[in-house]
Amino acid sequence: MAAESSPYRLLGRSIPYIEGPLKVTGRAEYTDDIRRPGMLVGRLLRSPWPHARLKSIDVRAARAHPGVFAVLTGEKYPTPFGVLPITHDETAIAVGKARYIGDIIAAVAAVDERTAEAALALVRADVEPLPEYSDPRVGVTKVPEPIHARGLQGSNIQKEVIQHFGDVDGAFAHAAYTARVRGVFAGVTHAFTEPMATIAEATPDGRLTVWSATQVPHYLHRSLSEVLGLPMHRIRVIKPEVGGGFGGKSDPLPHEIVCAALAIESGRPVKILFDREDVFYTNHGRHPTQNDVRIATDADGNITAYDIEALIDGGAWSSFGTVTTYYNGVLAMGPYRVPNFRYKGRRVYTTKPPSGAMRAHGGTNIRYSIEVALDELAEAMRQDPFDLRARNALPPNSRTINEFRITSTSFLKCLAAARAASGWDQKFRRMPFGRGVGLGCGFYISGSNSPIHFTPKMPQSTVHLKVDMDGGIAVHSMQADIGQGSNTLLAAIVAEVLGADLERVHVQRVDSDVSPIDLGSYSSRVTFMMGNAARAAAEELKGHLVRGASEILECAPEEIEVGHERFGVRGRPERSVPFLEALHRAMERTGALTASGAYQTRPIGGTFKGARAGTAPAYSFAAYVAEVRVDVETGEYRVEKIWAAFDCGRPLNRLAVEGQIQGSIHMGLGQVMGETMSYRGSRLFNPSLLEYKIPMPQQMPEVEILLVGEDDPEGPFGAKEAGEGPLIATLPAVGNALYDAIGVRFTELPITPDRVLRGLDLRAKEARAWKGA
Amino acid sequence: MPGRDPLRFRLNGHPAEVPCEPARILLDLLREDLGLTGTKRGCDLGTCGCCTVLVDGRPTLSCLTLARLVEGLSVDTIEGVSPPQGLSPLQRAFVDLGATQCGFCTPGFVMTATALLARHPHPDRTEIERAIAGNLCRCTGYTKIVEAIEAASREGA
């Protein structure tokens, strides 16, 4: 790593996570660690049918079973919900139909797990099997029994997006070079270590408290209110520590609502804890996708057009799918200039576990196909892949053809840094057969400019501060730390602005009774949006303290400058007061001081249908080089090193940024090298971490991180996102490196050893000729 | 009749005597019966390592272990390897080097690494990677975990 130079006292350095001591001692409290008096166990009965009409569900025997306190079927709480207000197509428990193997059809609350299981075994369902739709290609036209009534024109199409900017056909007609990649991507899932867990308790004062492992407490809060018919102020949502999410805990999930409903029905606290199979069937991972990407360039290699189609396998529900459908097109708009652009994307319901948002949502699969196509173009026109990309880089302070506003970009610096550090010019096309390097680039949103909920209009993030005479600063916000270190960043920003020691700042657990709304951990929004809100709140509090200091020091507030745990007169180092003295003076009239800061995105982007999708107040950029070594006998390969040049603006906590990049690369390698949600028809065959394999420590390459970003004009202290964008470039860097190593193009992911062997067989003669081996 | 007698073992250095059915799983005994929630339940199938405890000093998946099997043996959990004040050098290294993100796998890694360093105070990188191969982490890419174990091993020198 580069030396840690920073103009700030805390920010820009490595700041260990503030909850670290609790986590390494097992003292951090996750949802399953919480016990409530008289707590019942909630269990779910899941559909064994991929698609079936539920004619009747007889729960009388289950209800009569000793030790059972509540049994629910779908009819009691039938109000549809979903993360996007425009696609409410889920219910807490299936109503009328089961739509995939794993769909919840009944729930019980009982004294213990054994009793709950015994009761579920007594539930009798009379069903009529309906056609199974496991292949999205089948669902694009009218089908006999659509999975949802809202499917487009009697089909299973959940969302269709058609966009056209400029003259794509004209550009292809005049193109000097074209490339086409048809990518096929298996579904992958988050595989966080903490299974979902929820506790709910309805109390005689008419209130409901829900503890849940969620990334987005606010959307859960809204969904509980909508489905249960309780006003939001009578519901209290608490987010304990969350053991990873990566998008998988960002939808309001049916079991969370079921748990609350069971608590209301039984009058007792209820806990639902998922086993690993539940987690896999709940899924919401990255969509299985087929895309078809055509790129045209002029004779010099300037991109003149993209023509993209995507067919996206949605599974049983909409989830974030409308966003997914847009993102698979519009996130192609960077990091290169694209003057003509056409996209047709369709997301199709299937009778499989729902897909949803997973780290680098919507930007990963399309990026793989584009970067592979660019690699082919570079080869065809005998340009270095770096040169081809550099010539097409989006300039700073520009607009894309679909009216994304680009402000800061250090993409050219990413390219230069990755090229130099990796020794690219000595390696590319020069290594012996079986070894190679590849370049892949990345582009991602730093927060979605449009919040998912537009009404009522409110800031995307709010932060409250309270400081009393003890000098401890309590920080409240509904931002959701799920391990990425947002609590630490929140504390560090407050401490930085106030000149305070970090241990003065106490970040409070998310609790909707006291935490002001922040929209939570998705779309890589937290650093940017919460960071700005935190800074604004701290600046307001600083104003009070500065006035206190100026009264003691008998000078104008404008003359006060913030030092470490002191406030002093500018240019007069001998005249200063300690933090506490300034605080106590400032409190004389008001008692405890409070301050509030908020961040609201400003309107940007076009006005055409779908124009908001992909607009962000800033974007991250990446250029990665992967070096691989292939065992041509077994098809196994090893990614030996990745040079990861990333533009996250100013990194505010280097430890966290490094951790996000390393973790993203791990997850990206999983998708490119082996992870697969393995379906036969609609049946998931590998719902466990034994069969769904994430990379082991031995498979992690050395990662050299090159942080080259410059301050973003609107990011807090110049920062942009580093939580999701770092995943994207990993996949094409590996794919292109394999081509350099063995001369085989891989357009179907994951690239498993058997696919490598098959590719080698098919291309053996060509590969020998090509490498001159 | 087996199972009617209380289970006797050493728990975190102290003698323990608890009622225990024959089919009780050690993880359930620790978390549900004894309230030692530092040991995490990640999969119940022995695939993730979050529930790792030490049985007579050896890393053991408590989710696959019948509690009755530890009769007369010594069991150490994350609560037992954490000093009453502050942190162990290994825990300190995990915190300082950012080896814990979401933290759910962390107690398992700390237990595995504690056992590794106890029997092998100066492991090389390959030995560390082999030792932790039974513990899954989805946040860190393992990089900082390996670095923290290396740092703790240098500290112990």
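The C-alpha centres of domain 1 and domain 2 of chain B lie 21 Å apart. The structure is a predicted model, in which local features need pLDDT of at least 70 and side-chain atom pairs count only at pLDDT 80 or more, while totals for chains, interfaces and linings use all residues. Residues are numbered from 1 along each chain as its sequence is written, and chains are lettered from A and ligands numbered from 1 in the order in which they are written.

In chain B, domain 1 covers 7–81 and domain 2 covers 89–155; these bounds come from an automatic or database domain assignment. Where the two meet, domain 1 of chain B contributes 16 residues and domain 2 of chain B contributes 13 residues, with contact meaning C-beta atoms, placed from the backbone, within 7 Å. On the domain 1 side, β3 (52–55), β4 (58–61) and α2 (78–81) of chain B each supply at least two residues. Helices (H or I, at least four residues) and strands (E, at least two) are DSSP runs, numbered from the N terminus. The largest share of that side, 3 residues, belongs to β3(B).

Turning to chain A, the axes of helix α16 (residues 654–673) and helix α18 (residues 730–742) come within 8 Å and cross at roughly 50°. Axes are lines fitted to C-alpha atoms, for helices over the stretch in contact, and angles run from 0 to 180 degrees between N-to-C directions. The contact draws on α16(A) residues including Ser664(A), Ile665(A) and Gly668(A), and on α18(A) residues including Leu731(A) and Val734(A).
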